[in-house]
Every structure is written in structure tokens, then in C-alpha cells.
Amino acid sequence: MESRLSAEVTLAYVDDFVAEDEFLLTARRNAAEVGGATPVGPVTGAALHFVASAIGARSVVEIGTGCGTSGLWLLRGMRPGAVLTSVDVEPEHQRLARAVFVAAGFPAGRYRLISGRALEVLPRLADGAYDLVFCDADPQDYPEYLVAALRLLRPGGVVLFDDALSHDRVADPAYGDPETVAVRELCEQVRADERLVPLLLPVGDGLLAAVRRSE
């Protein structure tokens, strides 16, 4: 019992280590109210902020705008003047994301919100022009998003996938539902691709990261 309680206390400490401000909390409340746009957790958000800052991201693609939680974390880690391109099929979610970006002080030129299916939008984006691609949408499309990300990323760029443990089902071969199978396939693709340096983190519901090696 003591060990389990200690683990719970530690997880709570980690969750609160980088506190969310009023704008992030507003984005989170909006997501809960409209439904269908589960935001990244605080630790995952802090990881996005960290990676964007570490690589000095100037141009980022986000697949799955939601109500702006992950977008805020990314924007705060990106360089001044950098641009976030975020794609989502739900215009109402993007309306709420835009409102929270404005409230947080980001001018319109810092983000580009595109409404539509990512697999139809991504082919219109330039090859090798992006520092970071973050995917938080339908996991069944993740393997295809990886293919798109490899085209979009510059050498040294980073791709990140949320929900990479699929509610603890990915590691258990007993689960064969389409979502889990797709995420499992993604993990194997990333691990086997010699162009990538992979990392799977037990953050939130799993955060899969990979750096595209320099040519």
C-alpha cells in the first residue's frame, strides 16, 4: 500500500511540476464542454514545450488542433515569430483554439489553422520545411501520418505521436482492435526505420518521439 501511495504522490508531483496557467486551463475546460477533443495532459504539454524549445522550432505542424491546449504549449516553446500550422476536421474546435491563442497574446501571424482532413491537407505542405510534427488525432491514421511527417521534416526535425500506448493495450498482444493494431504498427515502423532515432516515453497515454537523422 505504501509503495502504491508513494507512486501516486510522485505522479501528482510530476503533473504539477510545470503548472498550467489560466489560458491552458481555459482550453482544457473548453475541450471538456464541447467533447470530442481530449487535450494532452500537463506532462505531455510540458514535453511538447520542451522539445519545441530545445530544437528552436520555427515551423511546426500539428495534426489535431483540439481546443488549443497542445497548440499553446507548442507556441510557447517555439522561437519568436515562428508559425504553428494546425489541422483539424472540427471548425468549432479551431474557433475555440483561435480564441485562446488570442487571449494568451499570440498574434494571428503566429498560427495557421486549416480545417479539413489531415491526409488531404498535408500533401499541400512543403517538403522538408518543418522542424516538428505533432500528431494527436485518429490513431488508426498514425502510420500514414508518419509517412507524411518524414516528407515534411527537415533533417534533425522531430515527429511526436500522442496516445502511443493506447491505454496500455499496445504492449499486450491480446488486444487486436484496429486502433491498437495501428499504434503498434506505428511503433514498429518508427523503431525499424534507420532514418529515425526513436524514443517511447510513458508520459500520459504514451508519447512516441523520433528525430529524423541528417542525410
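Which residues in α3 meet which residues in α4? In this predicted model, the α3 side of the contact consists of Pro42, Gly45, Ala46, Leu48, His49, Ala52 and Ser53, and the α4 side is formed by Ser70, Trp73, Leu74, Arg76 and Gly77. Sorted by class, the residues of this contact comprise 6 nonpolar, 5 polar and 1 charged.

Two packed helices are described by the angle between their axes and the distance between the axes. For helix α3, spanning residues 42-54, and helix α4, spanning residues 69-77, the angle is about 30 degrees and the axes are 7 Å apart. Because angles under 35 degrees count as roughly parallel, α3 is described as roughly parallel to α4. The crossing of these helices, α3 and α4, is right-handed.

Tyr142, Pro143 and Leu146 supply the α7 side of the contact, while Ala182, Val183, Glu185, Leu186, Gln189 and Val190 supply the α8 side. The contact of α7 with α8 contains 7 nonpolar residues, together with 1 polar and 1 charged residue.

Attention then turns to the strands. Strand β1 (residues 59-63) runs parallel to β2, and 5 bridges join the two. Within this pairing, serine 59 is placed opposite valine 83 of β2.

Most residues other than glycine have a negative phi. Aspartate 163, however, has a positive phi, near 60 degrees, and lies in the loop that runs between β5 (153-162) and α8. The relative accessibility of aspartate 163 is 23%, so this residue counts as partly exposed. Histidine 167 is likewise located in the loop between β5 and α8. Although histidine 167 is not a glycine, its phi is positive, at about 55 degrees. With a relative accessible area of 51%, histidine 167 is classed as exposed, because the term applies to values over 50%.

Technical notes
Residues numbered from 1 in each chain as written. Predicted model: local features only at pLDDT ≥ 70, side-chain atom pairs only at ≥ 80, totals over all residues. Heavy atoms only, no water. Axes fitted to C-alpha atoms, helices over the stretch in contact; angles between N-to-C directions. Helix = DSSP H or I, 4+ residues; strand = E, 2+ residues; numbered from the N terminus. Parallel < 35°, antiparallel > 145°, perpendicular 65-115°, else oblique. Left-handed = near helix turned anticlockwise from the far one by under 90°. Contact = heavy atoms within 4.5 Å. Nonpolar A, V, L, I, M, F, W, Y, C, P; charged D, E, K, R; others polar. Pairing = 2+ DSSP bridges. Buried < 20%, exposed > 50% of the residue type's maximum accessible area, 1.4 Å probe, protein only.
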